[in-house]
Amino acid sequence: MKRWAVLEHTNSAVRRASKVVGKGKGTPEEIDAARAVLSNYRLAHAFPLNAVTVTVKTRALDVNPNAVVAQRHKRLPTILDKLKRHPSMSVTTMQDLGGCRVVFESVSEVDELVAVLRDLPRSRNRVRRVYDYLRSDPGPRESGYRGIHLVYEYGASKEEYHGLQIELQVRTQLQHAWATAVETMDLFSGSELKYGRRPRRAAVLRPGQLPNGARGRGRPGARRGGAGR
């Protein structure tokens, strides 16, 4: 039987660890200890994530048997990087340490699943917040991202996980392709379009013009070695 990670530290300890990593102040030993605290907090979301995904998958396949359902943990390096970008942030406020995603063929299917999940009468894992990136509250992101996010709070049988949050993303295939393209561009270009930060203006070259320092070889219309004289 799989052994699930459980919380080994208080929320206060997790918040202190977040500050140590975010501000980068501390000895190497203190920073390593803080990372270990954050790693445990991240891993403790595995059981709630699995519980939410089981429910979501059942309901999503009722809407469309071809729906794609997946789950993932937010990577520790991504968490540490976010804390460094936002030194005052605590990991305890991150809603997507455990994430579930459903990809449908149409917006109507997205809306249908969201309506079902919001009103499940007997679910102890309650939807605490809905972010509608399709229409309003808050609306499409500047990057063009669209979808609907539901933030769950675990409250089922395992009391040791009560209060941990799981994020569900529901979007169409086209919206998923767009989100993937933006993340890929950020990864390879170093931009941060996903976070609403515009990239630095790229140099625009005229036809036949080369970047500074580049040397042309065989440009169209260029003369070589006096040929044609």
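**Figure 1. Lining of the second largest cavity.** The lining residues are Ala51, Val52, Thr55, Val56, Ser123, Asn125 and Tyr152. Helix 3 (residues 46-63) provides the largest share, four residues. The volume of this cavity is about 40 Å³. A cavity is a set of points, on a 1 Å grid over the protein atoms alone, where a 1.4 Å probe fits but cannot get out, and lining residues have an atom within 4 Å of a point. Grid points are joined across faces, edges and corners, and a volume is the space filled by probe spheres set on the points. Helices (H or I, at least four residues) and strands (E, at least two) are DSSP runs, numbered from the N terminus.

Residues are numbered from 1 along each chain as its sequence is written, and side-chain values use heavy atoms, with hydrogens and water left out. As the model is predicted, local features need pLDDT of at least 70 and side-chain atom pairs count only at pLDDT 80 or more, while totals for chains, interfaces and linings use all residues.

**Figure 2. Lining of the largest cavity.** The whole structure holds two cavities of 30 Å³ or more, and the largest has a volume of about 50 Å³. Its lining consists of Leu117, Arg118, Leu120, Ser123, Asn125, Arg126, Val127 and Tyr152. At least two lining residues come from each of helix 5 (107-118) and strand 3 (126-132). Four of the residues are nonpolar, two polar and two charged.

**Figure 3. Nonpolar cores and the contacts of Phe104.** The largest nonpolar core has 22 residues, of which Val102, Phe104 and Leu168 touch the most other members. Helix 3, strand 2, helix 5, strand 4 (148-153) and strand 5 (165-172) each supply at least two residues of this core; helix 3 gives the most, five. A nonpolar core is a set of buried Ala, Val, Leu, Ile, Met, Phe, Trp, Tyr and Cys residues joined through side-chain atoms within 4.5 Å. Buried means under 20% relative accessible area, exposed over 50% and partly exposed in between (1.4 Å probe, protein chains only). Not counting residues up to four places away in sequence, Phe104 touches residues including Ala60, Val63, Leu113 and Val170; contact means heavy atoms within 4.5 Å. Another core, of 19 residues, lies apart from the largest one and has Val21, Leu80, Leu83 and Tyr161 among its members.

**Figure 4. Asp96 in the loop between helix 4 (76-85) and strand 2 (98-104)****.** Asp96 counts as buried because its relative accessible area is 14%. Leaving aside neighbours within four places in sequence, Asp96 is in contact with Arg72, Lys74 and Glu167.

**Figure 5. Ser106 in the loop between strand 2 and helix 5****.** Ser106 is partly exposed, at 23% relative accessibility. The C-alpha atoms of Ser106 and Thr172 are separated by 5.6 Å, although these residues are 66 residues apart along the chain.

**Figure 6. The cis peptide bond between Asp137 and Pro138****.** Omega of this bond is about 10°. Pro138 is placed in the loop between strand 3 and strand 4, where Asp137 also lies. Asp137 is a residue other than glycine with a positive phi, near 60°. With a relative accessible area of 46%, Asp137 is partly exposed.

Notes:
On a 1 Å grid over the protein atoms alone, a cavity is a set of points where a 1.4 Å probe fits but cannot get out, and a pocket is an open set with protein on both sides within 12 Å along at least five of seven lines; lining residues have an atom within 4 Å of a point. Ala, Val, Leu, Ile, Met, Phe, Trp, Tyr, Cys and Pro count as nonpolar, Asp, Glu, Lys and Arg as charged, and the others, Gly among them, as polar.
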